[in-house]
Amino acid sequence: RQMCIRDRFCSVECTFPRKLDIGLYAIIAASAFTATVTHTISVAVILLELNGQLVHVLPVLVGTLSGFIVGTSLSMSFFDTVIQLKGLPFLPAIRSADQYCQFARDIMNRNFLFLARDSTIRDLLDCTRILKPNRRGIPVTESKESK
């Protein structure tokens, strides 16, 4: 243990060294920020591998977990936000254990626009009129029964 600079006033022993490792604080802040934005904990592993110091495992993990907890409680992740802004389809979050036994056909949307291989130009024009402006493509199937 080293004595703090404040020893003259309060005579409290300090458990931290006098020299602060600013790089460690930067790594902790980077891992906490990235975990908050992306809602992933794997950031800690990546930063620890880049750093190469096993002494920093505990502070980096604490910073990453605190950022992860705050981020998941306050907002959507960066990846979910991009998916939502682009209007891409994605599966809903599956929460109950019963839903893990379901097949994709049980939760997929069967009412969608598509073209069969033997569709006419009239079918194509009808699909493009109904199509929403943010959609960029129309799926093509072998036949109307195989959708």
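H56 counts as buried because its relative accessibility is 12%, where buried means under 20% relative accessible area, exposed over 50% and partly exposed in between, with a 1.4 Å probe and protein chains only. This residue lies in the loop between α3 (42–51) and α4 (57–74), helices being DSSP runs of H or I with at least four residues, numbered from the N terminus. The model is predicted, so local features need pLDDT of at least 70 and side-chain atom pairs count only at pLDDT 80 or more, while totals for chains, interfaces and linings use all residues. Residues are numbered from 1 along each chain as its sequence is written, and side-chain values use heavy atoms, leaving out hydrogens and water.

**Contacts**
- Not counting residues up to four places away in sequence, H56 touches D21, L24, L48 and N51, contact meaning heavy atoms within 4.5 Å.
- With that same exclusion, I27 touches L47, N51 and V60.

**Nonpolar core**
- The largest nonpolar core has 8 residues, namely L24, I27, I28, V43, A44, L47, L48 and V60; such a core is a set of buried Ala, Val, Leu, Ile, Met, Phe, Trp, Tyr and Cys residues joined through side-chain atoms within 4.5 Å.
- α2 (22–38) and α3 each supply at least two residues of this core, and the largest share, 4 residues, comes from α3.

**Helix α2**
- The residues L24, I27, I28, S31, A32, A35 and T38 of α2 are buried.
- The buried residues of α2 pack against α3, α4 and α5 (78–86), whereas I22 and F33, on the other side of α2, are exposed.
- Just after α2, H39 takes a positive phi of about 60°.
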